[in-house]
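Please open the model in your viewer and keep the selection tool at hand. The tour below goes from one selection to the next and says what is found at each stop.

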Amino acid sequence: MKTSLAKAGILIIILLFSATAKTQVDATHSASDTLTYHLVYVTHNKSCYNYDIQITNKYNEITTNYLVGYGLQHFYYDPSCMTEKDFESYQTPQYTDILIVVYSKNLGREILHENNLGGFFTWVEGTKKDPLRIEVCDCPSHDYGDPVWVLSHELAHFALYYLGFEREVFEGWVHYNQSIYYTYCQEGDYTDSHCPPIFAKLETSNYDYSVMNIPSEAYGVKPPQKKFATEPVVEKTKKTVENKQKTSDKTKQKTTFDYKKATLKKQPIINSKIDSTKAGVYTAQEALYSLNFKNEKAKKEIEKAWTALWWTKKYLKNAETTQKEGENFVSKLKYKEAYYKYHYSLERANKIDKYLVEITDNIKKAKSLEK
Ligand SMILES: [Zn+2]
């Protein structure tokens, strides 16, 4: 776990430094096999001026480098600048898995901001005919934040979704970061101690940007083997059916199992486990709040620790919720339901331990680097 994390860290730094990723599509063969996107910039101007072309390339470079940061091998079709009218008749190239639309300021304010959207990522319509879609705008805004940050927010949704993370992560993790951004890190002021963990530096040929950090959980995750857009819906349905069958088989086998006995045995274990884990999580959090390092490498260690802390809190919340649900079932004498709630709760609580160890290691390492 640790070595692969470290390796991924190094890989990401190197890749982000190499500004021009040579991933452009020149053969349809490659596009049909590999994750492929097309970025379209829609301008309110009568035609695409120099500035529009520059913006188009800027967002394309940010997109490709951010996906590389996630370790996502991909191709892209040449980014296109088009007028609003051209965009009406635009059709995505054949093998596009995800279409990324960036509106110019005037259009974006009208199309997105006036509908209370900073940007969006749609994943429901992920079928062959209808690629996944991100829409953002080149609109600096007090309400939604820096446009590059907004794009990285949407790309983070996509990347985590693509890598197969559950909704709690591809939506929840991203929105957790967003809420920290809204609360502590707006308007280019990232000096609050909450801010560093949610940011990563993304380098391009012209400029460095602050984008949404990548969760360490995503490092080294292998993308789905099959090309994404061709059959995600089918794949998912199949899995659900298989899972359902498995569950019903299990239930059949276990009809003689004494749920009452097992549940009452499990109850004190889960209660004390959650109490001790909770104490550990809050001790780790206090420790992190109290630390302040100057050394860059030490800071990196602390960033990792903050990410690990995020996971502990997520799992703790899961564990506590299901523990309460379990208690509720016990009070209604529904032991079977309670048993499975406790089982799940304990499983979640057990996941926290390794993150607490990681945090302790990160802090130790940071302290020695600071010396
Ligand atoms: Zn979002």
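Is the crossing of H10 and H11 left-handed or right-handed? In this predicted model, the crossing of these two helices is left-handed. To see it, select helix H10, residues 296-331, together with helix H11, residues 335-370, which pack at an angle of about 165° with their axes 7 Å apart. An angle over 145 degrees counts as roughly antiparallel, and H10 and H11 are therefore roughly antiparallel to each other.

Next, select Val-102, Phe-158 and Ala-159, the residues with the most contacts inside the largest nonpolar core, which has 60 residues. Helix H6, residues 147-162, supplies the largest share of this core, with 11 residues. Stay with Val-102 and, leaving aside its neighbours within four places in sequence, display its contacts, which are Leu-39, Tyr-41, Tyr-59, Val-136, Cys-137 and Asp-138. A second, separate core of 17 residues can be found by selecting Leu-309, Trp-310, Ile-352 and Tyr-355, which are among its members.

Finally, select Cys-139, which sits in the loop between strand S5 (132-137) and H6. Cys-139 has 22 other C-beta atoms within 10 Å, and is therefore buried. Not counting residues up to four places away in sequence, Cys-139 touches Lys-105, Gly-108, Arg-109, His-113 and Pro-147. A distance drawn from C-alpha to C-alpha between Cys-139 and Asn-106 comes to 8.0 Å, although the two are 33 residues apart in sequence.

How values were computed
Residues are numbered from 1 along each chain as its sequence is written. This is a predicted model: local features need pLDDT of at least 70, side-chain atom pairs count only at pLDDT 80 or more; totals for chains, interfaces and linings use all residues. A nonpolar core is a set of buried Ala, Val, Leu, Ile, Met, Phe, Trp, Tyr and Cys residues joined through C-beta atoms within 7 Å. A residue is buried if 20 or more other C-beta atoms lie within 10 Å of its own, exposed if 12 or fewer, and partly exposed in between; C-beta atoms are placed from the backbone. Helices (H or I, at least four residues) and strands (E, at least two) are DSSP runs, numbered from the N terminus. Two residues are in contact if their C-beta atoms, placed from the backbone, lie within 7 Å. Axes are lines fitted to C-alpha atoms, for helices over the stretch in contact, and angles run from 0 to 180 degrees between N-to-C directions. Angles under 35 degrees count as roughly parallel, over 145 as roughly antiparallel, 65 to 115 as roughly perpendicular and the rest as oblique. A crossing is left-handed if the near helix is turned anticlockwise from the far one by less than a right angle, and right-handed if clockwise.
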